[in-house]
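Subject: Handover of a structure, with notes

Dear colleague,

I am passing the structure below to you, together with an account of what was found in it. Please read the notes with the coordinates open beside them.

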Amino acid sequence: MFHKNIKLVLTVLIIGLGVWQFTEGNIGNGIMYILLSSIFVFLYFKNELILLAFLRLRKQDFDGAKKWLDKIKNPEASLVRKQQGYYNYLHGLMVSQTNMNQAEKYFKKAIQLGLSMNADLAMAKLNLAGIAMTKRRKREAQMLLTEAKKLDKHNMLDDQIKMMKQQMKKI
């Protein structure tokens, strides 16, 4: 909800207030302010609206997740680079149900901006491979599937990858 720079300013101000409380002899208040500032540091790196959208997606509530993501008005100014990647990744997941062309743009932008977890990156590449298969681009789909397989360290997407390879043989 706050701009990313406002979060940093609030962190510095609260740490300054905590240091002032330490110098005044109020150690408990100083510790409380330092811990309070850690919340803003956490929210700088993990945007609260994206976290709430992920929680909605876990419940398969696409409309609720879309509402949380729509509250981010200017993602380039409000989010750091990795958060912008997840913003586009979530939009791609939601749009992939209805509009494949737009979902492809979102997934490509998410991969370009970067995703911090390999499983998310593998899922984005797997979705791109599915989109490429529907557009009859077999070579690109094969390349994306092999990249997704390499990124999937815990074999969470193994069944989906095998199913897509079976479908690719029919093309």
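Predicted model: local features only at pLDDT ≥ 70, side-chain atom pairs only at ≥ 80, totals over all residues.

Isoleucine 31 counts as partly exposed, because its relative accessibility is 44%, where buried means under 20% relative accessible area, exposed means over 50%, and partly exposed is anything in between (1.4 Å probe, protein chains only). Residues are numbered from 1 along each chain as its sequence is written, and side-chain values use heavy atoms, with hydrogens and water left out.

The surface patch

Isoleucine 31 belongs to helix 2, where helices are DSSP runs (H or I, at least four residues) numbered from the N terminus. Together with Ile15, Val19, Phe22, Ile27, Ile34 and Leu35, Ile31 forms a nonpolar patch on the surface, and these residues share about 570 Å² of accessible area. Such a patch is made of residues with over 30% relative accessible area and no salt bridge, nonpolar side chains (Val, Leu, Ile, Met, Phe, Trp, Tyr) being joined within 5 Å and like charges within 9 Å; the areas come from the Shrake-Rupley method with a 1.4 Å probe, and for residues only the protein chains shown count as cover. The elements that give two or more residues to the nonpolar patch are helix 1 (4-24) and helix 2 (27-45), and the largest share, four residues, comes from helix 2.

Serine 37 also has its place in helix 2, but this residue is buried, with a relative accessible area of 3%. If residues up to four places away in sequence are not counted, serine 37 touches Thr11, Ile14 and Ile15, a contact meaning heavy atoms within 4.5 Å.

The axes of helix 7 (residues 100-113) and helix 8 (residues 118-134) come within 10 Å and cross at roughly 145°; axes here are lines fitted to C-alpha atoms, for helices over the stretch in contact, and angles run from 0 to 180 degrees between N-to-C directions. On the side of helix 7 the contact is made by Met100, Ala103, Glu104, Phe107, Lys108 and Ile111, and on the side of helix 8 by Leu121, Ala124, Lys125, Asn127, Leu128, Ile131 and Thr134.

Leucine 144 is found in helix 9 (residues 138-151) and is buried, at a relative accessible area of 8%. Leaving aside residues up to four places away in sequence, leucine 144 touches Lys125, Leu128 and Ala129. From glycine 16, leucine 144 is separated by 128 residues in sequence and by 49 Å in space, C-alpha to C-alpha.

Salt bridges

The structure holds 11 salt bridges, each being a side-chain nitrogen of Lys or Arg within 4 Å of a carboxyl oxygen of Asp or Glu. In one of them, glutamate 76 pairs with lysine 109, the closest N and O atoms being 3.9 Å apart. Glutamate 76 lies in helix 5 (residues 75-78) and lysine 109 in helix 7, so the pair ties together parts that are 33 residues apart in sequence. Glutamate 76 is partly exposed, at 45%, and lysine 109 is partly exposed as well, at 36%.

Another salt bridge joins glutamate 147 to lysine 125, with 2.5 Å between the closest N and O atoms. Glutamate 147 lies in helix 9 and lysine 125 in helix 8, so this pair ties together parts 22 residues apart in sequence. Glutamate 147 counts as partly exposed, with 24% relative accessibility, whereas lysine 125 is buried, with a relative accessible area of 13%.

Arginine 137 and glutamate 140 meet through their side chains in a salt bridge (2.8 Å, N to O). Salt bridges that share partners join Glu104, Lys108, Lys135, Arg137 and Glu140 into one network.

Positive phi values

Most residues other than glycine have a negative phi. Glutamine 60, although not a glycine, has a positive phi of about 60°; this residue lies in the loop between helix 3 (48-58) and helix 4 (62-70) and counts as exposed, at 57% relative accessibility. Arginine 136, also a residue other than glycine, has a positive phi near 65°. Arginine 136 lies in the loop between helix 8 and helix 9, and it counts as exposed, at 63% relative accessibility.

With best regards
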